Amino acid sequence: MDPLIILHAGVATGTVLLFATIGEIFAERAGVLNLGLEGMMLIGAMSAFSVTVATGNGLLGLIVAMLAAGGLSLLHGVVTIHFQADQVVSGLALTFLGTGLSLVFGEGLNKAGAISLLPTLTIPVLASIPVLGPILFTKQSVMVYLGYLLVPVAWFYINRTRPGLHLRAVGENPTAADAMGLSVYRLRYSYVMVGGSLAGLAGGTISLAISPGWFSELTTGGMGWIAVGLVIFAQWDPWRAAFGGYAFGALRRTILDIQGPQTLLGLRNPFFFNPYFGFFLQMLPYAFTIAVLIIGSREALRKRLGAPAALGLPYVRGERGH
Amino acid sequence: MTGSDSAESRLPGGIRLPFEIQVEPRLHVPRWLSPLISVIAILVALLLGALVLALVGGDPVRAYAHIAGAAFGSLGVFSDTLVKATPLIMTGLACSVAFQMKLWNIGAEGQFYMGALGASIVILAGVVPADAPRLVAIPIMLVAGVVFGAAWGLVPGWLKARLRVNEIITSLMLNYIAIALVNYFIFGVWSEGGFQMTRTFQQAAWLPRLSDLAEQFPILRGLTTHFGLVFAVVAAVIVWYILFRSLWGYEIRLIGDNPRAAKYAGINITRNTVFVMMLSGGIAGLGGMSEIAGVVHRLQGSISPGYGFTGIIIAWLAKLNPLVVLPVSVLFGGLILAGREIQPAGVPRLIQGIILFMLIASEVFLRYRIRLVRRP
């Protein structure tokens, strides 16, 4: 139960949630809710792992993962943007489809043996910062550093650039965006694909770096759904998404570690002496997701913040009411 | 997509087609169109599924023939198909009733597990005396299953109604929690000889099977269809009556169609949200109860190969009509029964996903008329 180890591993696991959550933030900021994260992450994890097994090239694996999940998200795009189908149901269909495809194509992959993982790095100067250095900058996977970069870049893009302004316009008021001369459909398709690709990257990060291998549905174990919840907690803001993602990563690691020692805070550790209490520990991430959602929803009510105004609504040119 | 959009007739690269594709909103939808489109969507989905099967080196024709034979080929397997259809009817009903109000309960899986847990608790914790007759034991199990399922639906319903917490995610998270809770009980509390299952219930807690009547009617020998199917059919009729013949159902459907109008009409959305989620959870819980009382006769892990999720697809395919849920569930029961033996193992899930996708994509043809018009 070394807190440094827990936080170190938590940041690594949190990176997965971070990618998926920020991807979903992009899609939802454009007005498209995509509940299919779990399916797209599974596709990403499966294709990254299988390509890496076949070629030995992890980078290629990640690229294929992003393409595969991005391609899958395009289906969601066509159905919800052009065909104006219900985004909730289409997202669920995507979850089924992604799970099914990854199970079918990933058949036998669990026996594929070991791959060389993505490299880990220690950043020379930063690693010597007390406390933060060993947690954030020592022997972390390259994906973790990519996560550090993604957060400020995503925030800057959404809030401080012209394309980011267009992105928000399409999600808040597509009619006005259309009148400004923006192509609502094209932008929505693009950001749905950005979201899908990042979900694929999240999946690839699991299978190539965080908990390497292919364990069918257990590879993600509901992380895609947790990410959907984190978007609401994050209030569609990348910084809060990072905070939520890393906190959840640390929680998952704590759950693993807490059953180890015989005493906990000087008391008999009930999880050590009755291993069946471990099932209650397993519930924690999901219970915390609910708690975090409650916090996020209350805050949104109080501050009168909310989801992008056009989230979940199809845009039909010439129809009033959005 | 707008009315008569001639720009769409030009392919990328500026190639001009000899005809124009016109897309116009439909003002009138003929009654036969919706079922026809659903059937076509399913056929296309099966075709796409075959394509994927062929891609991974399977033999789609043999796979589908196998599914048909192993699900509907004889009285015996058809009886097994009905056994699989029974829980699907209940989860399909649970989803239908919630979706009618646009409440996205995707927690039927967890509510199903909780129903099974509730029905087991009354037996294993001695609420039902060991020598109680069937007529006492079964109703108590039934009530316990419904109550536990409803409680599991109450949580996301209350959170949605009171705190506006997204019910999609809370109901889904509760699935994982329910399964972990059931695991705690079967591993930690009631484990039978170290196995991940409880002891077998006394016979009074078993739902009667068709094969119980084999002495009078020899043709029924070996048929496993159990009384849960009767529960399911009765539940379907009741839910249909509530939704389409009662004032409450009118309120539910109005809230789903137009929440603003419902509010102005003085309908209490908060209370309906809680009650509909409880009804939905209760029906799914009944499914869990009927599964353990009718099939496995004890509480054990993996009692559901995703019945709660398949219920979503069934509800959508049945257009949220409880009576249509019945035949659709039989088809999916066959798919699940026969799919167990098909390799790779993900195929049934894949086909379900493609079917749902095709269904929602095909709805565009209900809203729009797409015509090819010759260029002058």
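**Exercise 1.** Which residues does V325(B) touch, not counting residues up to four places away in sequence?

*Solution.* First, some ground rules: this is a predicted model, where local features need pLDDT of at least 70, side-chain atom pairs count only at pLDDT 80 or more, and totals for chains, interfaces and linings use all residues. Residues are numbered from 1 along each chain as its sequence is written, while chains are lettered from A and ligands numbered from 1 in the order in which they are written.

Next, take the contact criterion: C-beta atoms, placed from the backbone, lie within 7 Å. With it, V325(B) touches I89(B), G92(B), L93(B) and S96(B), and also A236(B), I314(B), A315(B) and A318(B).

The largest nonpolar core has 217 residues, and V325(B) is listed with A20(A), L93(B) and M141(B) as having the most contacts inside it. Such a core is a set of buried Ala, Val, Leu, Ile, Met, Phe, Trp, Tyr and Cys residues joined through C-beta atoms within 7 Å; buried means that 20 or more other C-beta atoms lie within 10 Å of a residue's own.

**Exercise 2.** Describe the packing of α8(B) with α10(B).

*Solution.* Start with the elements: helices are DSSP runs of H or I with at least four residues, and strands are runs of E with at least two. Helix α8 (residues 247-257) and helix α10 (residues 269-296) of chain B pack at about 105°, their axes 11 Å apart. Therefore α8(B) is roughly perpendicular to α10(B), the class for angles of 65 to 115 degrees.

Then list the partners: α8(B) brings E251(B), I252(B) and I255(B), and α10(B) brings I269(B), N272(B) and V276(B). By type, these are four nonpolar, one polar and one charged.

**Exercise 3.** Work out which elements of chain A face chain B.

*Solution.* Count the residues: 43 of chain A are in contact with 40 of chain B. Two or more residues each come from α3 (58-82), α4 (87-105), α10 (223-233) and α13 (278-303) of chain A. The side of chain A that touches chain B holds 29 nonpolar, ten polar and four charged residues.

Conventions. Axes are lines fitted to C-alpha atoms, for helices over the stretch in contact, and angles run from 0 to 180 degrees between N-to-C directions. Angles under 35 degrees count as roughly parallel, over 145 as roughly antiparallel, 65 to 115 as roughly perpendicular and the rest as oblique. Two residues are in contact if their C-beta atoms, placed from the backbone, lie within 7 Å. Ala, Val, Leu, Ile, Met, Phe, Trp, Tyr, Cys and Pro count as nonpolar, Asp, Glu, Lys and Arg as charged, and the others, Gly among them, as polar. A residue is buried if 20 or more other C-beta atoms lie within 10 Å of its own, exposed if 12 or fewer, and partly exposed in between; C-beta atoms are placed from the backbone.
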